[in-house]
Amino acid sequence: MAKSEKSELTQLEGVGPATIEKLATVGIDNILGVAVAHPATLVEVCGMTEPTARKIIKAAREKMGFGFVDGITQEESLKISRISTNSKKFDAILDGGIKSGGITEVYGQFGSGKTQLGHQLTVNVLLDNPKGVVVYIDTENTFSAARIRQMSRAKKADEEDILKRVYVAKAYNSDHQIFLSEQIESLFKQEKQVVLIVVDSVMAHFRAEYVGRGTLADRQQKLNKHLHTLQKIADIHNIPVFVTNQVTTNVGVMFGNPEQAIGGNILSHTAREIIYLRKGKAGSRVAKLVDSNYLQDAEVSYIVTEDGIQDLEE
Ligand code: ADP
Ligand code: MG
């Protein structure tokens, strides 16, 4: 039996095998996916007219029983969970930690501590969720099982148990990275309780592969699709997505920080919270919340030790 025949999308009027196959290429393979899709996506991917796209989305929404809910119910259903950074002060500027339901981007220079933070969040969320698993997409080959063990030991956790629940996928190029992100949905179907997705780093492959002006539009489009996939998973399953990003130095900036995250607007529009990391005095690290939809910008210092991220002693 063709894959498209068993798809639940056959329940939607006007959706046939060809459409189902096309939708699958952008990771839409169930009714919920259609219900939350943008009409333009369906137009672009399936070559249908916009009215048709709207009709199909409406049908999917009706099937899902989407409707109005009061604010309290909405708040309940979207109860944001948080992962501690392991530093009380760092958590404080983030209103508790890294949040579920959206993308958090951390950017900074090489050695600023982005990967350390990714590892720390991984250990902490697995400790909080005894049945959870973390998906760690590693594009720079910097994932370290040894580091996970160190941080787990510092928490008196069973290091084997923690490590077993980290699903590390090495991404060899941007296409592969996109592919991996699209596979995450299948983990949920296997009843895996994914509690965090880390992409470290999100832009490295895109930056290396797409050089020159002519290829920029193509890069943005692919990146957009990738971020959309991550965003959708964060949203539908109410989990945190943590991505790291490198910086470029913008020589045109006279005042303020000349270092900017790669990828520019596209990323800043998708990420809900953006944190800038840099090295501070005497081996410390400085984290600055530079963008949030409800928190004010703030800065905090902490240290990275063998045990992981720690508050600075006063
Ligand atoms: P980025 O990902 O931003 O390039 P990393 O997260 O890899 O940077 O940070 C590397 C830094 O983390 C090292 O330079 C070191 O200061 C610190 N670090 C890594 N492992 C340890 C450890 N076991 N003990 C203390 N500090 C460590
Ligand atoms: Mg790194």
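## Cavity

One cavity of 30 Å³ or more is counted in this predicted model. A cavity here is a set of points, on a 1 Å grid over the protein atoms alone, where a 1.4 Å probe fits but cannot get out. The largest cavity has a volume of about 50 Å³, a volume being the space filled by probe spheres set on the points, which are joined across faces, edges and corners.

Its lining (residues with an atom within 4 Å of a point) consists of G27, D29, N30, G33, E185, K232 and I236. By class, one lining residue is nonpolar, three are polar and three are charged; Ile counts as nonpolar, Asp, Glu and Lys as charged, and Gly as polar.

## Basis of the values

Residues are numbered from 1 along each chain as its sequence is written. The model is predicted, and local features need pLDDT of at least 70, while side-chain atom pairs count only at pLDDT 80 or more.

## Aromatic pairs

The structure holds four aromatic pairs, meaning rings of Phe, Tyr or Trp (its six-membered ring) with centres within 6.5 Å. The ring centres of F206 and Y210 are 6.5 Å apart and their planes meet at 15°, so this pair is stacked; planes under 30 degrees apart count as stacked, over 60 as edge-to-face and the rest as tilted. Both F206 and Y210 are buried (under 20% relative accessible area with a 1.4 Å probe, protein chains only; exposed is over 50%, partly exposed in between).

## Two buried residues

S152 belongs to helix 9 (residues 145–154), where helices are DSSP runs of H or I with at least four residues and strands are runs of E with at least two. S152 has a relative accessible area of 0% and is therefore buried. Its side chain reaches the backbone oxygen of I148 at 2.7 Å. Beyond its neighbours within four places in sequence, S152 is in contact (heavy atoms within 4.5 Å) with V123, A157, E159 and I162.

V199, in strand 6 (residues 193–200), is also buried, at 0% relative accessibility. Not counting residues up to four places away in sequence, V199 touches I137, Q177, H226, L230, F242, V243 and T244.

## Backbone exceptions

Most residues other than glycine have a negative phi, and most peptide bonds are trans. The bond from D200 to S201 is cis, with omega near -5°; S201 lies in the loop between strand 6 and helix 12 (204–209).

N86 has a positive phi of about 90° and A282 one of about 50°. N86 is buried at 18% relative accessible area, whereas A282 is exposed at 83%.

Key:
Chains lettered and ligands numbered in written order. Heavy atoms only, no water. 1 Å grid on protein atoms, 1.4 Å probe; cavity = no way out; pocket = protein on both sides within 12 Å on 5 of 7 lines; lining within 4 Å. Polar contact = N/O pair within 3.5 Å; in protein donor to acceptor, adjacent residues only side chain to side chain.
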